[in-house]
Structures are given as structure tokens and as C-alpha cells.
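Please read it with the coordinates open.

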Amino acid sequence: MADQQFHSHDQPYPIDQSSVRGKFASNIGFLLAAVGSAIGLGNIWKFPYIMGENGGAAFMLVYLACIILVGTPVLIAEFAVGRQGKTSAVSCYKVIAPGTPWWLNGLLGVLAGFVILSFYSAVAGWVLKYFMIGVFEGYGAYNAETSGGLFVGLITGFDQPLIYQFIIMALTALIIYFGIEKGVERAAKILMPLLFAILALLLIRSLTLKGGMAGVEFMFKPDFTKLSGKGVLEALGHAFFTLSVGMGAMMTYASYLDGKSNLATVGATVATLDTVIAIMAGLVIFPAVFAFNMDPGQGPALIFITLPQVFAEMPLGRLVGSSFFFLIFVAALTSTISILEPVVTWLVDDVKVNRHVSTAIASFLIFLVGIPACLSVAEGGALDRVLFTLAEGTYAEKQYRFFDILDDASSKFMLPIGGFILCLFLLISWKRQSALQQVAGEKGNPRSIILNVWYWLAVTVAPLGILTVIIFGILDLIGKSPFH
């Protein structure tokens with residue numbers, strides 16, 4: 001019913017095509033777009049380094065349990081709300097529960113996407129820079145000292161970070177500009193197979209390195225003595241965030257989906273592929289790190305400081321390194337597309353601005369907010385230099401930077417709060433049978449055991465897990481975290 005409010009993409013001219021809502025032309029297009037949303041820097045950058053920091057295999061086992069019990073149930077719930085509403089993440093709540101304030105949670109998701117993309121695009125820009133280094137220079141000159149200097153110089157610079165961030169936003173906006181079928185779906189059908197192919201080739205190369213099997217053992221031989229309470233919490237938090245839930249992306253994508261698919265199957269497929277990619281990324285990185293006697297616990301520096309040194313010593317290192325950073329760039333781009341789409345969809349469906357103008361407005365504003373984020377990543381950055389010159393002061397020993405504020409506000413509070421409220425909405429305001437029928441699809445059985453297990457997880461286990469993330473985020477903010 002809700003989809004009758006909007007123009008269909010197949011209506012004849014002279015309708016203004018920039019105001020047509022559109023839809024996915026195929027279920028495989030939707031699936032690839034949803035997987036692309038889930039697969040991003042979190043899989044290929046963050047997952048390997050937090051796994052390296054927390055002992056490898058033991059962390060991965062806990063992470064897999066969290067994906068099954070927390071991440072996937074919330075993902076399926078987002079799909080269900082989106083397909084039922086057939087509109088923006090804000091108005092989906094209004095369609096299901098009219099006259100209630102639940103729609104504010106949709107608005108929180110749109111705002112979270114806006115905030116995340118403003119700093120996520122900066123990190124994606126670093127990846128693009130490293131790819132360009134591989135193409136035009138190679139990594140042969142980078143050792144322990146010069147590799148660190150390159151990264152510090154990049155994140156504390158002025159012109160290059162902004163240029164690469166602008167390129168990322170421009171590419172993202174260009175794809176969104178062309179709509180769901182001709183933009184998002186077409187890009188997903190090209191980029192996702194390309195990502196899998198490059199990752200598979202890199203994995204084969206990494207596993208054939210002498211000494212690389214030590215990295216495989218690190219990933220698959222559990223040692224629970226190396227896993228701390230902090231590691232368990234990180235596994236829980238990352239399992240939730242890696243699936244792109246809590247910011248309206250999956251809800252928005254599902255609003256363009258037909259009613260035939262079983263959403264439990266779709267959600268399980270997306271979660272499985274997302275996890276497979278993360279594990280494959282680990283199998284590319286850790287065998288290479290161990291083969292060249294590097295430290296797997298380098299943290300965020302693992303990708304940008306440690307790996308260029310590995311590529312410098314590896315046979316065909318320039319080709320492998322360039323391919324690796326292009327892989328991350330592709331993963332980042334599929335995610336930036338999904339993060340921008342809910343903001344644009346909200347402007348189109350709720351504010352009634354046509355898609356082309358909405359894309360331009362949203363992209364420009366996100367880039368503006370991203371400027372101070374991009375220039376405040378580390379001490380000595382361009383924003384620091386300007387502020388402290390104006391104040392005629394000196395650097396504080398520790399500062400809470402704008403980049404960190406945006407990161408923490410979104411990852412520790414906005415996304416988990418949005419996910420938690422979604423679970424409450426499912427429990428309180430959406431009739432159980434109606435929700436189960438939406439997940440089952442037009443020909444599915446809402447009484448199946450699997451769907452009822454999903455519902456139970458989504459309204460009990462998942463919100464408790466998310467609430468744990470929120471509580472520890474608050475404790476960390478006020479300096480009371482037990483993990484300090």
C-alpha cells in the first residue's frame with residue numbers, strides 16, 4: 001500500500017525522472033548492494049587489526065557468535081521495517097505505527113549516516129592515496145621509519161587529505177545521482193564481483209609466502225588466554241557495526257525491494273558473505289605479516305604502516321600492494337554509497353526534493369562537515385596548527401579531536417541506540433504476526449521455527465547485547481571503563 005504513494009520507475013514520460021523513486025531491477029542487485037554496504041573498511045581494515053590486538057582465533061570465535069546472536073537478527077529487522085514501509089527510514093516507522101514518535105529513530109539513523117560519512121570518507125581517501133602510491137611509485141622505499149613518516153605526513157597534511165576526501169565524495173555522489181537501478185545496483189554488480197576476484201587472488205598469493213602458515217595458525221588456533229574482557233566487548237560492538245545496521249542503510253535498501261524474498265534468508269546471506277570477506281581479508285594480511293616477521297598487534301597502523309613494509313620486501317610487492325589498496329578502495333566505495341543513500345532518500349521522500357538536487361545538497365554538506373574531521377585526525381594536524389596559531393598556544397598533551405568526536409558519537413551511541421530502539425519497536429509497536437509475515441515474504445511461512453527464533457533473538461538477546469555496548473560506551477566516556 002505504501003508504495004502507491006510514490007512514482008514507479010517504469011511509469012512513462014513526461015514524468016521528471018529525477019523525482020522517480022525507483023526500485024531494484026533484480027533480487028541479486030539488491031543482495032549485492034546490501035553486501036556491499038556491509039563490506040567496507042570495517043572488514044578489511046578494522047577487523048584484521050582488532051583481531052590482531054586480541055589474540056586472533058579466540059577473538060574470531062566470539063565475533064562469530066555475536067554476528068549470529070546480535071548482528072544478524074537486527075539486520076533482518078531493518079530489512080523487514082524497510083520493505084513494509086517502502087519509503088525513507090524516517091517514514092517507514094510512520095507507515096507501520098502512525099501517530100507515534102518512533103519515526104525519530106529513523107531520523108537518528110539518517111543523522112548517523114551523515115556523521116559517519118563525514119569522517120569515513122577521510123579514511124577512504126587515505127586508501128585511495130596508498131593505491132596511487134603503488135601505481136606511480138611502488139612501495140620499495142618504505143621501511144619502518146619511512147612508512148610511518150608517510151602516514152603521519154598524510155593525516156597531518158592539508159591539501160592531500162582534502163583532495164582525496166573530495167574525490168571519494170564526488171564518486172559516491174555520482175553513483176547516487178543516477179538512482180537505484182542505474183546507479184546503486186549497476187555499481188554493485190560491477191564492484192562486488194571485482195572485490196571478490198581481487199581478494200581471492202591476493203589470498204592465494206599470501207598463502208604461498210614462505211612462513212605464511214604461521215598467520216593461518218594465528219587465525220584458526222584459539223588461545224583464550226589472549227582474549228580479554230575488552231576483546232569480547234570489541235567483538236560484540238564490531239559484529240553490530242560491520243553489518244551497517246542502526247543508520248537506516250539496510251532499511252532504505254529494503255524499501256526498494258519487492259515482497260517475494262524471504263528476508264531471513266537474505267539477512268543470513270549478507271551476514272555470511274560479510275563474515276567470509278572479513279576472514280579472507282585476515283588470510284591476506286596475517287600470512288604476509290608473519291612471513292616477514294612483523295607484529296600482528298599493530299592496531300590501526302597495521303594497514304597503513306606495517307603492510308607497505310611487507311609489500312616492499314615481497315616479490316611482486318608493487319602489484320600485490322596496489323591491488324590490495326584498490327580492493328579496500330572498492331570496499332570503501334560500496335559502503336559510502338550505502339551511507340549516502342538513506343540521507344538522499346529522506347530528502348526525496350520526506351522533504352520532496354528531487355534526487356539530483358538532494359544528492360548535491362547532501363554530498364556538499366557532508367563534505368563541509370568532513371573538512372574539520374579530515375584535518376583533526378592526529379596531533380600536529382592542519383586544524384591544530386590553525387587553532388593553536390590563532391590562540392598563540394602550545395599543543396595539549398591529549399586532545400579530544402573533532403574526528404574522534406564524530407567517530408565516538410556515531411559508533412558508541414548513535415548506531416547502538418538506533419539498533420536498541422529498533423528492537424523495542426519490534427517488540428512493542430509492530431504486531432508479531434505482521435513482522436513475521438513481512439520477513440517470510442509473500443510465499444513464506446511466518447510460523448516456521450527459524451523465523452520465530454529470529455524474533456526471539458531480535459527482542460531479547462540482541463537488545464541486551466546492544467545495551468551492553470551502550471553502557472560501556474558511557475563508562476568509557478566518563479573515564480570509568482574497567483578496561484582502562
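The points below go from confidence and overall content to individual helices.

1. Basis. This is a predicted model, in which local features need pLDDT of at least 70 and side-chain atom pairs count only at pLDDT 80 or more, while totals for chains, interfaces and linings use all residues. Residues are numbered from 1 along each chain as its sequence is written, and side-chain values use heavy atoms, with hydrogens and water left out.

2. Confidence. The chain has a mean pLDDT (the predictor's confidence in each residue, from 0 to 100) of 86, with 90% of its residues at 70 or more. Residues 1-19 have pLDDT below 50, and the model gives this stretch 28 contacts (heavy atoms within 4.5 Å) beyond near neighbours in sequence. Residues 388-398 also stay under 50, with 12 contacts beyond four places in sequence.

3. Overall content. The chain has 19 helices and zero strands; these are DSSP runs numbered from the N terminus (helices H or I, at least four residues; strands E, at least two). Of its 484 residues, 58% are buried, meaning under 20% relative accessible area with a 1.4 Å probe, protein chains only. Of the contacts between residues at least 6 apart in sequence, 80% join residues at least 24 apart.

4. Helix 5 against helix 15. Helix 5 (residues 103-136) packs on helix 15 (residues 355-374) at about 60 degrees, with the axes 8 Å apart. Axes are lines fitted to C-alpha atoms over the stretch in contact, and angles run from 0 to 180 degrees between N-to-C directions. The pair is therefore oblique, the class left after under 35 degrees (roughly parallel), over 145 (roughly antiparallel) and 65 to 115 (roughly perpendicular). Contact residues include Phe-114 and Leu-117 of helix 5 and Leu-365 and Val-369 of helix 15. The contact holds 10 nonpolar, two polar and no charged residues; Ala, Val, Leu, Ile, Met, Phe, Trp, Tyr, Cys and Pro count as nonpolar, Asp, Glu, Lys and Arg as charged, and the others, Gly among them, as polar.

5. Helix 4 against helix 5. The axes of helix 4 (residues 89-96) and helix 5 come within 7 Å and cross at roughly 165 degrees, which means that helix 4 is roughly antiparallel to helix 5. Among the residues in contact are Tyr-93 and Lys-94 of helix 4 and Trp-103 of helix 5. This contact divides into six nonpolar, two polar and one charged.

6. Helix 18. In helix 18 (residues 432-440), Ala-435, Leu-436, Gln-438, Val-439 and Ala-440 are buried. The buried residues of helix 18 pack against helices 3, 12, 17 and 19. Gly-441 follows helix 18 and has a positive phi, near 90 degrees.

Key. Buried means under 20% relative accessible area, exposed over 50%, partly exposed in between (1.4 Å probe, protein chains only).
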